Amino acid sequence: MHTVLTRGNATVAYSLSVLACLTFSCFLSTVFLDYRTDANINTVRVLVKNVPDYGASREKHDLGFVTFDLETNLTSVFNWNVKQLFLYMTAEYKTPSNTLNQVVLWDKIILRGENPVLDFKKMNTKYYFWDDGNGLRDNHNVSLYLSWNIIPNAGLLPSVQATGKHVFKFPSEYATSSI
């Protein structure tokens, strides 16, 4: 005869094995879904200033100011396995010193049950748009992208980029108004 502890151990081990198989099956049901959707991004106001960076040195660096419109419908992204979305907007551009610069300008968390339709007008960036030199003024290839990380109930944490992007140019002269 087996003891009570041996039988309890077998019952718990079997239950955990069944739960692990069910969780893996749930993960397989959503792993191959396409989570991309279209996002319309437009810049309303763009300006650049040359200001001292007191955090690292006293050298002057470019600081960009962007006001944007964002319109997207993320309803198709949510399913039973999506707990929340972490949205973020990045700016990508090239400078003579760096072939790729990426700056996160804005982010938002959308929980399941909240309104996944975004229609923002004249939004300011949430974070500073610093360049590590003077690469923003007269830059012709600044692109805005909307991306999101999916926080699931079970499975991988995919990072998805929207199908739309917006390309804009910073002005060739520095803004002189106050910050």
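1. In this predicted model, strands E3 and E7 run antiparallel and are joined by 10 bridges. One of the residues concerned is Thr90, whose bridge partner in E7 is Tyr145.

2. E7 also pairs with E8: these two strands are antiparallel and share seven bridges. Ser147 has Gln161 in E8 as its bridge partner. Six residues separate E7 and E8, which form a hairpin, and Gly155 in the turn has a positive phi of about 120°.

3. Is E7 mostly covered or mostly uncovered? Nine of its 11 residues are buried, and the strand is thus mostly covered.

4. The largest nonpolar core holds 32 residues, and Phe129, Leu146 and Trp148 are the members that touch the most others. Two or more residues come from each of strands E1 (39-52), E2 (60-73), E3 (82-93), E4 (101-111), E7 (142-152) and E8 (159-168). The most, six residues, are given by E3.

5. Which element supplies the largest share of the lining? E2 does, with five residues. By class, six lining residues are nonpolar, four are polar and two are charged.

Key:
Residues numbered from 1 in each chain as written. Predicted model: local features only at pLDDT ≥ 70, side-chain atom pairs only at ≥ 80, totals over all residues. Heavy atoms only, no water. Core = buried A, V, L, I, M, F, W, Y, C linked by side-chain atoms within 4.5 Å. Buried < 20%, exposed > 50% of the residue type's maximum accessible area, 1.4 Å probe, protein only. Helix = DSSP H or I, 4+ residues; strand = E, 2+ residues; numbered from the N terminus. Nonpolar A, V, L, I, M, F, W, Y, C, P; charged D, E, K, R; others polar. Pairing = 2+ DSSP bridges.
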